[in-house]
Amino acid sequence: MNQALVKALESAKSYMEYRNLVSHHVVLGTSTGFDQSEALSNYTMLNDRRMKRLDKTVKLAPEIQERVKEHSKNVTWLVLTESWCGDAAHTIPIMEKMAALNDQIELKVSLRDENEDLMNQYLTNGNKSIPKLLVIDNASGEVLNTWGPRPSKATAAVEAFKNQFGTLTPEFKQDLQLWYNKDKGQNTAEDLSKLMILE
């Protein structure tokens, strides 16, 4: 296991510890990460609400639940993120719901800016895009698979819009949030359950 991965795992938080950290930043009017701004603080507040809602409302499809329960390899799901990331707020609660179904899966959360060496090993199109999930085999320390920063349908929509217009507009970003709300985590759960088959 490389040193950047060891460092990230040593400082990683449980999902509830991460949720408490985000809530604490909301109280302080700040965010995680090295950059601080009013916008990032506002995103953190929004994301705290999103995660609270998803924690209560996410329901995994029966076939997804079965696939998770059948998983037998002992793994750690290490996700790199920051409190201001909207995609993370919509997807990490789904990871938690899935990991909770199988004691062979442990979800841990590490902050991107504090683990730059590791983040640089798992760039998306040259960018430090988050959330980034690393599936780690606990026996070998090997990274078996990665996922992120968005579920497959959202990724396709983002790429199509960028190809047509060059950059994401505020209107598109709002539409993406509406898509997440309508999808209720199902596309994320489908993607992650397919990763299990590939391990």
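Here are a few questions and answers on how some features of this predicted model get their names.

The model is predicted, so local features need pLDDT of at least 70 and side-chain atom pairs pLDDT 80 or more, while totals for chains, interfaces and linings use all residues. Residues are numbered from 1 along each chain as its sequence is written, and side-chain values use heavy atoms, leaving out hydrogens and water.

Q: Why is the pair of tryptophan 179 and tyrosine 180 called edge-to-face?
A: Rings of Phe, Tyr and Trp (its six-membered ring) pair if their centres lie within 6.5 Å, and planes under 30 degrees apart count as stacked, over 60 as edge-to-face and the rest as tilted. Here the centres are 5.2 Å apart and the planes make 65 degrees, which gives an edge-to-face pair.

Q: What makes tryptophan 179 count as partly exposed?
A: Buried means under 20% relative accessible area, exposed over 50%, and partly exposed in between (1.4 Å probe, protein chains only). Tryptophan 179 has 25% relative accessibility, so the residue is partly exposed.

Q: How do you know that tyrosine 180 is buried?
A: Its relative accessible area is 4%, so tyrosine 180 is buried.

Q: Why is helix H2 called oblique to helix H3?
A: The axes of H2 (residues 15-28) and H3 (residues 38-57) cross at roughly 140 degrees and come within 9 Å. Angles under 35 degrees count as roughly parallel, over 145 as roughly antiparallel, 65 to 115 as roughly perpendicular and the rest as oblique, so H2 is oblique to H3.

How values were computed
Axes are lines fitted to C-alpha atoms, for helices over the stretch in contact, and angles run from 0 to 180 degrees between N-to-C directions. Helices (H or I, at least four residues) and strands (E, at least two) are DSSP runs, numbered from the N terminus.
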